[in-house]
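Please have a look at the sequence and the fold before reading on.

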Amino acid sequence: MDIHSHQKEVEDFLKSQSKENYRLMNSSSTNIDVESGTVDFLYSLCVLRHVALFSVFQSYINEAYRCLKRGGIAQ
């Protein structure tokens, strides 16, 4: 999930690399719009270092955990 406005550029890059097994999402909140326990791999490059409040950081971590399948990975 990206919280920036460059989703089109990211999607174009992934397509240029023949990647198709992803879902890009954009959000302005800590909620991830997927069913609980449905995500195999959740990747965040640098979002969490920009979070100013611990409570918001904790919400992101809790939401990632909620989304992951059993044995899923958040990186």
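Predicted model: local features only at pLDDT ≥ 70, side-chain atom pairs only at ≥ 80, totals over all residues.

Helices here are DSSP runs of H or I with at least four residues, numbered from the N terminus.

- K15 and E11 sit about one helical turn apart, because 4 residues separate them in helix α1.
- Their side chains meet in a salt bridge, with an N to O distance of 3.6 Å.
- K15 is exposed at 52% relative accessibility, while E11 is partly exposed at 27%.
- Helix α1 spans residues 7-16 and also contains K8 and D12, again 4 residues apart, or about one turn.
- K8 and D12 form a salt bridge whose closest N and O atoms are 2.8 Å apart.
- K8 counts as exposed, at 53% relative accessibility, and D12 as partly exposed, at 38%.

- R66 and E63 lie 3 residues apart in helix α2, about one turn of the helix, and form a salt bridge with closest N and O atoms 2.7 Å apart.
- E63 has 12% relative accessibility, so it counts as buried, whereas R66 is partly exposed at 27%.
- The side chain of E63 also reaches the backbone nitrogen of I32, at 2.9 Å.
- Leaving aside residues up to four places away in sequence, E63 touches T30, N31 and I32.

- Y43 belongs to the loop between β1 (39-42) and α2 (54-67) and is partly exposed at 44% relative accessibility.

Terms used
Residues numbered from 1 in each chain as written. Heavy atoms only, no water. Helix = DSSP H or I, 4+ residues; strand = E, 2+ residues; numbered from the N terminus. Buried < 20%, exposed > 50% of the residue type's maximum accessible area, 1.4 Å probe, protein only. Polar contact = N/O pair within 3.5 Å; in protein donor to acceptor, adjacent residues only side chain to side chain. Contact = heavy atoms within 4.5 Å. Salt bridge = Lys/Arg side-chain N within 4 Å of Asp/Glu carboxyl O.
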